[in-house]
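Please read it with the model open.

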Amino acid sequence: GLSWGGGINWKPLRYSSVDLNTARTANESTGLGNFTVNETHQVVWTHAWTSRISSNLLGSFSTDKFNNAPITPGGADRKDETQSAGLKVTYLMRRWLKLGADYLHTTRDSNDANFDYKRNQLMFFVSGTL
């Protein structure tokens, strides 16, 4: 299948940027159908509130189409749609030490109800460099 990818970075302010990304890939089968086609569209807003505090706001939409993978014999091929929204906040405690939290809400809607889900993830992190 045809694959493509692209992105645009827009910096309306010195301390703020917006990234728009899009991609389409054909992947090998995971045991369901002949192959999978994935399309993903994403927007990320990055903003430095102060010299120590920054945030990332994320939104994405993707589809997965499973070629030749009917849900029921003679039925429609399986198609999943996944939507995500998230927020990440980072605090620069020292030049070499970052602390932060990351929240991500994901919903997948499939025409095969066995693969529908909603997930909320909350992660905390510590990052250090030498």
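1. Where is the place of T63? T63 sits in strand β4, which covers residues 53–70. Helices (H or I, at least four residues) and strands (E, at least two) are DSSP runs, numbered from the N terminus.

2. A word on the source. This is a predicted model, in which local features need pLDDT of at least 70 and side-chain atom pairs count only at pLDDT 80 or more, while totals for chains, interfaces and linings use all residues. Residues are numbered from 1 along each chain as its sequence is written, and side-chain values use heavy atoms, with hydrogens and water left out.

3. Overall fold. The protein has seven strands and zero helices. Its pattern along the sequence is β-β-β-β-β-β-β.

4. Overall dimensions. The radius of gyration of the protein is 19 Å, whereas a compact globule of 130 residues would have one near 14 Å. The radius is taken over C-alpha atoms, and the globule rule is 2.2 Å times the number of residues to the power 0.38. The C-alpha trace spans about 60 × 30 × 25 Å along its principal axes.

5. Burial and surface. Of the 130 residues, 23% are buried. Buried means under 20% relative accessible area, exposed means over 50%, and partly exposed lies in between (1.4 Å probe, protein chains only). The protein exposes about 8800 Å², and carbon and sulfur atoms supply 57% of that area. The areas come from the Shrake-Rupley method with a 1.4 Å probe; for residues, only the protein chains shown count as cover.

6. Contacts along the chain. Take the contacts between residues at least 6 apart in sequence: 40% of them join residues at least 24 apart. Contact means heavy atoms within 4.5 Å.

7. Back to T63. Is T63 buried or exposed? T63 counts as buried, at 11% relative accessibility. Setting aside neighbours within four places in sequence, T63 is in contact with V37, N38, E39, K79, D80 and E81. T106 is 43 residues away along the chain, and the C-alpha atoms of T63 and T106 are separated by 13 Å.

8. Charges. The protein has 14 positive and 11 negative charges, and their mean positions are 17 Å apart. Lys and Arg count as positive and Asp and Glu as negative; His and the chain ends are not counted. Each charge is placed at NZ of Lys, CZ of Arg, CG of Asp or CD of Glu.

9. Salt bridges. How many salt bridges does the structure hold? The structure holds four. A salt bridge is a side-chain nitrogen of Lys or Arg within 4 Å of a carboxyl oxygen of Asp or Glu.

10. E39 and R24. The side chains of this pair form a salt bridge, at 3.6 Å from N to O. The pair links distant parts of the chain: E39 lies in strand β3 (residues 35–48) and R24 in strand β2 (residues 16–28), 15 residues apart. E39 is partly exposed, at 26% relative accessible area. R24 counts as buried, at 18%.

11. R78 and D80. Their side chains meet in a salt bridge, at 2.5 Å from N to O. R78 counts as buried at 6% relative accessibility, and D80 counts as buried at 1%. A network of salt bridges links R78, D80 and R108.

12. K79 and E81. These two also form a salt bridge, with the closest N and O atoms 3.6 Å apart. K79 is partly exposed at 33% relative accessibility. E81 is partly exposed too, at 26%.

13. K98 in strand β6. Which residues does K98 contact beyond its neighbours within four places in sequence? They are T90, Y91, L92, F125, V126 and S127. K98 lies in strand β6, residues 97–110, and is partly exposed at 40% relative accessible area. The C-alpha atoms of K98 and F125 are separated by 8.0 Å, although the two are 27 residues apart along the chain.

14. S127 in strand β7. S127 lies in strand β7, residues 117–128. S127 is partly exposed, with a relative accessible area of 32%. Beyond neighbours within four places in sequence, S127 is in contact with W96, L97 and K98. S127 and Y91 are 36 residues apart along the chain, and their C-alpha atoms are separated by 10 Å.
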